[in-house]
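This report goes through selected parts of a structure with its sequence alongside. Please keep both in view while reading.

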Amino acid sequence: MTVEVRLERVSKSFGGVRVLRDVDFDVRAGEVHALLGENGAGKSTLIKIIAGVHAPDTGLIHIGDQQFRALSPREARKGGIATVYQELLLFPELTVTENIFLGNAPRGRLNMLDWQQMRRRARQLLDSLDSPDLDVDAKVGSLSVANRQRVEIAKALSQDARVVIMDEPTAALADADVERLMAVIKRLRERGVAIIYVSHKLPEIFALADRVTVLRDGALIGTRPIAEVTEQTLVAMMVGREIDHMFPKAEAAIGETILKVRNLSYGQRVKDISFDLRRGEIVGVAGLVGAGRTELALTIFGITPADSGTIEVDGKPVRILSPRQARNLGIAYVPEDRGLQGLVRPMTIAQNTSMAALRHVASGIFISLTREARQAVEAIASLGVRARGPDQVVAQLSGGNQQKVVLGKWLETHPLILIMDEPTRGIDVGAKAEIHALMSRLAKEGMAILMISSELPEVLGMSDRILVMHGGRLAATIDRADATPETVGAAMTQAGAAGVAA
Amino acid sequence: MTIKKLLRHETILAVLVVLALIVLAAQSPRFFTVDNLLNQGRLMTEVGLIAIVMTFVIVTGGIDLSVGSILGMSAIMLGVFWKNFGLPLELAIFLALMVGTLAGLFNGLIITRFKVPPLIATLGTLALYRGIAEGVSQARSVRGYPDWFYVLGQGQVLGVPTQLWLLGIVAVVAAVILGMTTWGRMTYATGSNETAARFSGLRVDRVKLLIYSASGFAAALAAVIFVSRVSTTRSDMGTGVELDAITAVVLGGTSIFGGRGTIIGTLLGLILIQALKNGLSLAGVKSDGTIVLIGAVLILTILISNLFHRDGTR
């Protein structure tokens, strides 16, 4: 197998912080090389160096038999390197064809765009990706995340990419789409494409990868053939310690019902939902993407007030029309999109922590900065946020630590009910275990937690009860004792035999 | 850390202000005199009041282009209430201030209720309010106000122009609100990330309504002072004042995208502009030359500040 790209003793610092230290890395034609590491380990920097986004401080980049000190994005593209980023960089208002060929469209006579050839080649590319159902004339904005990703892959292939970098491609995909994506990746491998695959999800890595490289704190921990490692060894390599209990939902005394939802409906996404939530209980909400889970949370939290149905908090019937009202009733919502909905990223940890309960750190209208800082210091300590101090800007924190700040913000409101939407999405293994431990602790202290999650192991491990949603409706309620991947998975996809969740 | 703090926008600006004052004082002996400086303060007040509240508006990520028109409309209404309706001047002043505040509230309602971008909403009311001012005034000016009214715009208290006291008080109150209170924090949060602010249970819409109302009030207050200073009421008063105010705010380091800015910065921006205008004209530079220089200073300051202001946020 020929080596397509090789990094030799590459180092990189940002503002005095070493993010990569003398890292060697290579990827060969026809292999899937998984890149693994906690957030902040240097994975993103590594792939950005290969893609020509960042220039390394020292070290060399070899593409084929050429040698570079640094690559420009254009040189990387000419070298056959294409990247499918986590946040898909497509133009929603353009069609599938236009997106695929943007920047390298085939030209016809008089240097005009050759639309027929473009559409034909787009069709071929998508067919080769096993996506004959994707319309080449559809606007990308109207496509599902999974389909957009296929367009991005097709775009990479249209440039005759020999190396495709995939940055957490399955982070936003439902299980069915994940399987389809894996099939596509295997196909690419058979064609001799080299694939660099960045992911947190170990099962995927074992299913796909030929070799795996682990980074930790910017240093290369090791590159191994997949057959020589187990899940335990990989986790140990990543975090530098063994994590024995990934999902430690501790036994908690289940108390009285604190949230009673009956026949709750909002638009087309939340239909006739009824359930109870009790103190000390973690109720998981499972479902495919688009099943209406987040919409249910947003309705309870007052962002999109319910059209019909009733909500009782602590025995009192309430109508929740705004997040402010929800907060005053003791409902907290840790949202799915941390950067957009959860945090004010340019603000400090202290300022974010106090945001939902400004009154607690204020005397009258005046904010006491000392009280605010003290509160933040306490939150940092009790939640185990790794930060320089309360004055650090949250945008500089890693995903897991940002999530802890969001959680800290809501704990300052002393909620009765905590809704967590994808609490560990995009968070590395170590921080994930910490978040799970925190949730357990909160449940034990008597908090009622509603946890929305797309990760089945998380739902199964953490929940006392599992609500399964499908098409906006409650498809099943499964007790912990009866919950297996099979029963929950079946409920998630049930009735979906005919209709595909869009 | 300390070096970074020293290189804050406000510090750079303060150094620039001092430099400008030194250079201008060397150019003309009449510039650096108490009389001239106090007089410049008098001239600065109207734009200053508007710019101070505009700082809040821009920190929320908005803009208010209608302040000049609100100034004109409030001035006209002051004259109409007093002369045509025969109301006592005190009441007329109060009502003119109310008109301005309501005009600002109306801006806020369009922006928050109907989700119209502030630029568009206030561009519309810029035309609307000016049209009302012209329609009501019928190109007639109002004169002959009682003597006590001129104290506000032409008189002095303890040797300092009356309106400069007012500007000082408003500036201090605004700086305290923006820098130290929950209201100020909500203003910054709204401008930095409105969605997250809303998701945190902050009353984002109410904050905006209040701020746009305050902007209207400031414009009306500026109108009363303006009328008192020039002894007459005309419908074209305040034309273009919105751009002067926005220039001062942006020069003062407030991010046009919201989330960042201080009252101190805005005041320094105001002083720099006024000093350049006055000092250069005393030094014999033509007014078109002055405008060119102010434009250049604006762009340069922002460039320098951007050069030093690189936080680690990707």
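## A strand pair in chain A

A:Val285 has A:Leu467 of strand S21(A) as its bridge partner. The two belong to a parallel pairing of strand S13 (residues 282-286) of chain A with S21(A), which runs over four bridges; strands count as paired if DSSP finds at least two bridges between them. Strands (E, at least two residues) and helices (H or I, at least four) are DSSP runs, numbered from the N terminus.

The model is predicted: local features need pLDDT of at least 70 and side-chain atom pairs count only at pLDDT 80 or more, while totals for chains, interfaces and linings use all residues. Residues are numbered from 1 along each chain as its sequence is written, and chains are lettered from A and ligands numbered from 1 in the order in which they are written.

Strand S8 (residues 194-198) of chain A has five of its five residues buried. A:Ala194, A:Ile196 and A:Val198 point one way, and A:Ile195 and A:Tyr197 the other.

S8(A) has parallel pairings with strand S3 (residues 32-36) of chain A, over four bridges, and with strand S7 (residues 163-167) of chain A, over five bridges. A:His33 is bridged to A:Ile196, and A:Val164 to A:Ile195. S7(A), helix H6 (residues 175-190) of chain A and S8(A) make a right-handed β-α-β unit; right-handed means that, with the strands pointing away from the viewer, the path from the first strand over the helix to the second runs clockwise.

Helix H5 (residues 145-158) of chain A has 13 of its 14 residues buried. Its end C-alpha atoms are 20 Å apart, which agrees with the 20 Å that 14 residues should span at 1.5 Å a residue; the expected span is 1.5 Å times one less than the number of residues. A:Asp160, which follows H5(A), has a positive phi near 55 degrees.

Helix H5 (residues 89-113) of chain B has 25 residues and should span 36 Å; its ends are 35 Å apart, which agrees. Its buried residues include B:Ala92, B:Gly100 and B:Ile111. Among the elements covering the buried residues of H5(B) are helix H4 (67-84), helix H6 (118-137) and helix H11 (204-230) of chain B. B:Lys115 follows H5(B) and has a positive phi near 55 degrees.

## Where the chains meet

The contact takes 20 residues from chain B and 25 residues from chain A, two residues being in contact if their C-beta atoms, placed from the backbone, lie within 7 Å. On the side of chain B that touches chain A, helix H9 (182-192) and helix H10 (194-199) of chain B each supply at least two residues.

Technical notes. Buried ≥ 20, exposed ≤ 12 C-beta atoms within 10 Å, placed from the backbone.
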